[in-house]
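Open the model in a viewer and keep the selection tool at hand.

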Amino acid sequence: MNKVKTDLEATWTFWLVTAGISTTFGAAIPTGYNIGVINAPAAYIKEWCNQTIYETYGIVFSEASLETFWAAVVSIFLVGGIIGSLGGAWVADKMGRKKSFLSCGVLLVLGGICFQFCRAVSSVELIIIGRLIVGLAAGLTTSTIPMYLTELAPIALRGQLGVLCSMGVTGGVVIGQVMSLEEVFGTEELWQYGLSFSVILVITFFVPYHWLPESPKYLYIIKKKRDEAINEIQRLGGRKARDDYVKQQIEAIRNEEALNDESDPEGAEQSTKKQRSLWSVITDPTLTMPLILVCALQGGQQLSGINAVFFYSVSIFESVGLSSTGAKFANLGAGCLNLFIAFFSPLLMEKINRRFLALLSCSMCSIFLLGLTVVVYLINSVSWFSYASIVAILLYILFYQIGLGPIPYFIGSELFEVSPRPAAMSLGSISSWSCNFIVAMLFPTLQSAWGAFVFLPFAVTCILLTILLHKYLPETRGKHISSIVPLVSHGFRSKPVVPYS
């Protein structure tokens, strides 16, 4: 019986593959695309905004005012991400995990329409509204899609499906950078097509939406539609799913339901719908530590300096003799390396413990950030430090992508049982987009004031994150949620001792 269980749990069935591909290409990649596509054609878009505002309102922006306006256009995407994350818990519980995905797609299409027609109707407002809408979609994507996929997956495939959202966002950034090159859509005449191109992906990969499965855990525990939940388990298990496999999955869900009844402070009998508000999750002492871990990992992912490293790398590549154009292509190559490593994430999640990967990633990132600080500071004093800085950047990207890159996206689905999970994922996503906003606002100022030492706060973040994870992060690979939750249910008194993890 155990042999049957193992074989079935490790099988990629048709509907698991379809759900993974559809959500990755229909939501995660467009989210990353909207992050990466805006930078290259910025000069053309700013010029158009300045001219359009003058023609419409008779206002002439100074150079400083135009830069401030453009910063608002870019950063409103992050504000949308925060708001979208905040609504993720409500959407996931009220509409369901599957319809959360639909909501992401609708918002992405609406945003793309705004981008496509803003120039035709000479409306700067449309590009601002479009950035806000795709930001809402991004926040909703990062707070609900990893949860949806991990709830569809059997235990053996949970990590592999969970990293697909991370891979999609990473790939989307690279695709956005490519599509915004002057050789593609990054020109004065075509930039609006570049901004809206991701709509094609969304529409294409929403074709199978109607047939995608709903989360069995959501149906069984939240909606109490147990027959439908069993049907979805059978569909997800494929044609070879046997009765003992279905019984095993139901037993795992019942264990999670029982854990939910024990932990729900409002009482299990007051409602058949076991939904938790953001406030009830925040104030529940048994959820304090997992919530800290999720928010620290998602926020720390942004405060680890990945965006700063990519921003600074252009000048570093120029320092070794590359032209401005060559440096930009080299930076794109570094992004491709980031994506290449991300392709190995499913294999890493299957074979190696999450705790080990997270600790290795955070500790090594801190080392290479400290090293980067030293070599960039002395780059004009030591000739070969230019090359050392490139090596430090590439190694930083390598170690970032094996842990800090993928794990924060889905770890909340492994630390929380199904009832508080949407709220926890939303709070983690809020932490991510808020920290992203902080970095975007402060990094240019800190870079001007501190120079090479701008990497120090990011290194300190990685060090603190390493300490937190070493003390409190339990191993989650291959374990039922019901065995993980008690390990972190005592706040800072928790002792999730997991030998050899």
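Axes here are lines fitted to C-alpha atoms, for helices over the stretch in contact, and angles run from 0 to 180 degrees between N-to-C directions. The model is a predicted one.

**Stop 1: α19 and α21**

Select residues 354-377, which form helix α19, together with residues 407-415, which form helix α21. The two helices pack at an angle of about 145°, and their axes are 12 Å apart. Look along the pair to see the handedness: α19 and α21 make a left-handed crossing. Now show side chains at the contact. On α19, pick Arg354, Leu357 and Ala358; on α21, pick Ile407, Phe410 and Glu414. Coloured by class, this contact of α19 with α21 shows four nonpolar residues, two charged and no polar.

**Stop 2: α16 and α22**

Next, select helix α16 at residues 306-319 and helix α22 at residues 421-450. Their axes come within 10 Å and cross at roughly 40°. α16 and α22 are therefore oblique to each other. The crossing of α16 over α22 is right-handed. From α16, Asn307, Ala308, Phe311 and Tyr312 take part in the contact, and from α22, Asn436, Phe443 and Gln447 do. Colouring the contact of α16 with α22 by class gives four nonpolar and three polar residues, with no charged ones.

**Stop 3: the cavities**

Rolling a probe the size of a water molecule over the atoms shows where empty space is left. How many cavities of 30 Å³ or more does a search of the whole structure find? There are two. Go to the largest cavity, whose volume is about 250 Å³. To centre the view, select Glu151, Ala153, Pro154, Lys217 and Gln249, which lie nearest the centre of this cavity among its 20 lining residues.

Then show the helices around the largest cavity: α6 (124-152), α11 (216-222), α12 (226-237), α13 (243-263) and α24 (481-484) each supply at least two lining residues. Which helix gives the most to this lining? It is α13, with five residues. Finally, colour the lining of the largest cavity by class: 11 residues are nonpolar, four polar and five charged.

Definitions and conventions. Residues numbered from 1 in each chain as written. Predicted model: local features only at pLDDT ≥ 70, side-chain atom pairs only at ≥ 80, totals over all residues. Heavy atoms only, no water. Helix = DSSP H or I, 4+ residues; strand = E, 2+ residues; numbered from the N terminus. Parallel < 35°, antiparallel > 145°, perpendicular 65-115°, else oblique. Left-handed = near helix turned anticlockwise from the far one by under 90°. Contact = heavy atoms within 4.5 Å. Nonpolar A, V, L, I, M, F, W, Y, C, P; charged D, E, K, R; others polar. 1 Å grid on protein atoms, 1.4 Å probe; cavity = no way out; pocket = protein on both sides within 12 Å on 5 of 7 lines; lining within 4 Å. Points joined across faces, edges and corners; volume = space filled by probe spheres on them.
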